[in-house]
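Please study the sequence and the structure shown here before reading further. The paragraphs that follow lead through strands, helices and loops in turn.

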Amino acid sequence: MAESATFMSGATSFSSQGNSTASPRAEPGEAFVSDQIVFTPRSYSAPSSTSPSSPSFSPQKMGILSPQIGTTSGDLDINSTPPCSVAGMRSPSPFPLGLDSPPASRLRGSPDPSTTDRSIKTLEQKRKEAVSLAYVWPTEHRPAIQHDEFTDIEIPTIDLTCLISKDPVARKQVVAQVRAACLNWGFFHAVNHGIPHELLERVQKQAQRFFAMPKEEKLKVERDPKGYTGYGNAGVKPTDSQPWSEGFYLANDSSVDKYSQVLWPHGDNEDFGNSYREYNEKAENLAAQLMDLIIESLEVNADHFQPYLHNASGLLRWNHYPPCPQPHKSLGMAPHTDFNMLTVLHQGDIGGLQVQKDGKWVAVRPNGDALAINIGDTLQVLTNALYKSIPHRAVVNRTQTRISLAYFYAPTTKSEIVPSPELLERTNQSSIYKRFTMEEYLAVKKGQLLNTLQHFTLEPLTQSLAFPVHTE
Ligand SMILES: O=C(O)CCC(=O)C(=O)O
């Protein structure tokens, strides 16, 4: 992989713009997290020993002494211990996502060890629950549509057999389907895509094996904030609601072998590197072929696109969403658009992906044989917003572990992203974007998951180009 290749996650933090969120708010009587302090709004009564001028970070203010916390509607079960590992595999920690203890920031005000046995037990329960509350999202951002609420409104499915058969007539039909899908959805399912099911299963298995490890093992390959690869959800700001997920970013460089050695020092997992490399090669090849179809669908000369495709490379992110006791109050991944040209996503047989269509969230029915393909912000700019990069998110469910494999195909960071002049001429438009490089874009994207392109737009965005986060 070229050193200057672009690598960034589609979603790394909850943006303070577009989908701006203040501190999470609570429904009446329910606990919520604000600036890392857990409040219990209903009938909270401080123990008599607590003076009104107690320091901010006391157990009382954390809510961990209050019997009300988390019991609203009975749906945050304080005794529930969200599994942090893949079904059937060992579950080393009672905390979500393999956290063996609450993050330090949430432990301020931890119980005094001199408290009585009875209260220690209660505090212990409350402490676990306080971690869970970090994953409770503000009401307006919670998913009204659950992971399996499918309707007749579905992203199109495109059969890519023509890529193998080379049948020109079939290809022409596929190009037309790709055009319609890109114009109307920005998303489609690809079947007969050429990536063997067996390989997808092998990569899924490797991801399961990795995420089932104890957190301290996973942290051995933690993502360096300045780097692109490794374990973690980089960029999540401490005051934001946390996504109910964890990720492992892999790129086609020496880091894969390094991770393999660190995670399996006795050489007992050869297939980690092999399956990754095999998958990366196939996904890159597929992404390049899909780009060809997309360029054909624009009916422009491919020359303008060549520099972006030349040296383009991919970042693979394994996403892990453990079962969640309160899926309707949490999100596996915040609404976001992808930074890159094209994403190839395998979501397996368990639903969770939701995309926006005409201002409404639509659950994407899973199809283990299909790959979900979507347009990223870079391609939106290259087409002067003819093809749009659509906000999407991941919701979680109560009982099943879900793993998805997201492959982000992107140009190098030095690339200047400019709309196709031929397309502008044909549509009698001028560019709606300022000139900018991928590097400049990524610097903005870090703090703004949605509407990142607004920053690079010459005119204020019209309604049809801006993507507000729709509440349900
Ligand atoms: O897991 C999913 O279905 C969505 C993943 C995603 O959007 C991403 O990785 O950027």
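M333 stands opposite A394, a residue of strand β13. This is a predicted model, in which local features need pLDDT of at least 70 and side-chain atom pairs count only at pLDDT 80 or more, while totals for chains, interfaces and linings use all residues. Residues are numbered from 1 along each chain as its sequence is written. Helices (H or I, at least four residues) and strands (E, at least two) are DSSP runs, numbered from the N terminus.

Strand β8 and strand β13 (residues 392-394) are joined by two bridges and run antiparallel. Two strands are said to pair if DSSP finds at least two bridges between them. β8 and β13 belong to an open sheet of four strands, in the order β8-β13-β10-β11, with antiparallel pairing. At the edges of this sheet are β8 (333-336) and β11 (360-363), each of which pairs on one side only. From one strand to the next, the twist averages 20°.

Consider next strand β14. How many of the nine residues of strand β14 (residues 402-410) are buried? Nine of the nine are, so the strand is largely enclosed by the rest of the structure. Here a residue is buried if 20 or more other C-beta atoms lie within 10 Å of its own, exposed if 12 or fewer, and partly exposed in between, with C-beta atoms placed from the backbone. Both faces of β14 are covered: one side carries R402, S404, A406, F408 and A410, the other I403, L405, Y407 and Y409, and all are buried.

β14 also has strand partners. With β7 it pairs in the antiparallel sense over nine bridges, and F408 in β14 is the bridge partner of L315. Strand β9 (residues 342-346) is joined to β14 by five bridges, and these two strands run antiparallel. Within β14, A406 stands opposite L345.

Helix α8 (residues 255-263) packs against helix α9 (residues 270-298) at an angle of about 155°, with the axes 9 Å apart. α8 is therefore roughly antiparallel to α9. The axes are lines fitted to C-alpha atoms, for helices over the stretch in contact, and angles run from 0 to 180 degrees between N-to-C directions; angles under 35 degrees count as roughly parallel, over 145 as roughly antiparallel, 65 to 115 as roughly perpendicular and the rest as oblique.

Which residues of α8 and α9 meet? V256, D257 and S260 in α8 meet F272, G273 and Y276 in α9, contact being defined by C-beta atoms, placed from the backbone, that lie within 7 Å. S255 also lies in helix α8. S255 is partly exposed, because 18 other C-beta atoms lie within 10 Å.

Two loop residues remain. Most residues other than glycine have a negative phi. E299, however, has a phi near 55°, a positive value in a residue other than glycine. E299 is found in the loop between α9 and α10 (306-309), and counts as exposed because it has 11 C-beta neighbours inside 10 Å. N311 likewise has a positive phi, near 70°. The loop that holds N311 runs between α10 and β7 (313-321). With 14 other C-beta atoms within 10 Å, N311 is partly exposed.

Notes: Contact = placed C-beta atoms within 7 Å.
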